[in-house]
Amino acid sequence: MSVRQSLLAILDQGPCYGYQLRAEFDRRTGSTWPLNVGQIYNTLDRLERDGLVAKGETDDQGHVYWEITDAGSAEVAAWLASPVERTQGTRDELAIKLAIAATLPGVDVVGVIQAQRRASLSQLQSLQRAKYAGASPDGAEELAWSLVVDSMIFAAEAEVRWLDHTEQRLALHPRQALALELSTEKPKRGRPTKADATGRP
């Protein structure tokens with residue numbers, strides 16, 4: 001999730017100080033991705049370094065207002081116009097965990113899957129029961145909140161389906177056929193060749 005571009009997009013609407021940026025980010029994401037103020041100021045410092053924002057006026061309370069530059073506005077426009085790129089490889093912790101568990105001798109991978117399924121179903125049920133707690137149940141903030149929560153619900157549903165699929169696939173293989181002992185082959189120095197999505201180098 002790009003905090004950098006999100007903060008820039010908010011600043012494209014007008015100057016803000018740090019705490020104000022955090023409040024605006026929370027309003028626009030339904031407070032589903034909490035940011036700490038330190039993270040915001042670190043991001044602002046990097047944006048300033050890159051020429052995308054500049055420090056503006058300071059108010060009577062000592063709040064420093066940050067302003068977007070022309071280059072920053074151009075980056076916001078490019079971000080909004082571009083699709084989110086999904087990498088070919090995965091860094092999803094659950095997928096990696098199950099791939100490793102499935103190849104370790106003596107690991108009850110079905111038990112690992114069942115424990116995860118219980119947790120995923122519990123999360124899904126919590127999301128489905130979630131109610132908007134803001135002041136305006138039919139306003140823009142409620143819509144932003146519901147879009148994020150809907151995304152989380154769909155992701156949780158997909159995770160449960162994937163766990164079912166994984167358990168079915170593992171059931172087709174004798175457990176001992178999946179176990180990988182440590183290789184005796186000595187790896188060569190250097191980075192391994194990247195494989196595409198089909199596993200071909």
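The axes of α2 and helix α7 (residues 140-171) come within 6 Å and cross at roughly 70 degrees. Axes here are lines fitted to C-alpha atoms, for helices over the stretch in contact, and angles run from 0 to 180 degrees between N-to-C directions. The two helices, α2 and α7, are therefore roughly perpendicular to each other (65 to 115 degrees; under 35 counts as roughly parallel, over 145 as roughly antiparallel, and the rest as oblique). At the crossing, R27, R28 and T29 of α2 meet E141, A144 and V148 of α7. Contact means heavy atoms within 4.5 Å. Helices (H or I, at least four residues) and strands (E, at least two) are DSSP runs, numbered from the N terminus.

The model is predicted: local features need pLDDT of at least 70, side-chain atom pairs count only at pLDDT 80 or more, and totals for chains, interfaces and linings use all residues. Residues are numbered from 1 along each chain as its sequence is written, and side-chain values use heavy atoms, with hydrogens and water left out.

The largest nonpolar core has 18 residues, of which L8, L11, L21 and L44 touch the most other members. Such a core is a set of buried Ala, Val, Leu, Ile, Met, Phe, Trp, Tyr and Cys residues joined through side-chain atoms within 4.5 Å. Buried means under 20% relative accessible area, exposed over 50%, and partly exposed in between (1.4 Å probe, protein chains only). At least two core residues come from each of α1 (3-11), α2 (18-29), α3 (37-49) and β2 (64-68). Helix α1 gives the largest share, six residues. Leaving aside residues up to four places away in sequence, L21 touches L7, I10, L11, C16, I40 and L44. A second, separate core has eight residues, including L94, L98, V109 and L163.

Helix α1 also holds Q5. This residue, Q5, is buried, with a relative accessible area of 17%. Its side chain joins that of E75 through a polar contact of 3.3 Å (a pair of N or O atoms within 3.5 Å; within protein, one must be able to donate a hydrogen and the other to accept it, and residues adjacent in sequence count only if both atoms are side-chain atoms).

The structure holds one aromatic pair. The ring centres of Y17 and Y65 lie 5.4 Å apart and their planes stand at 85 degrees, so the pair is edge-to-face. Rings of Phe, Tyr and Trp (its six-membered ring) pair if their centres lie within 6.5 Å; planes under 30 degrees apart count as stacked, over 60 as edge-to-face and the rest as tilted. Y17 lies in the loop between α1 and α2 and Y65 in strand β2, so the pair ties together parts 48 residues apart in sequence. Y65 is partly exposed, at 22% relative accessible area.
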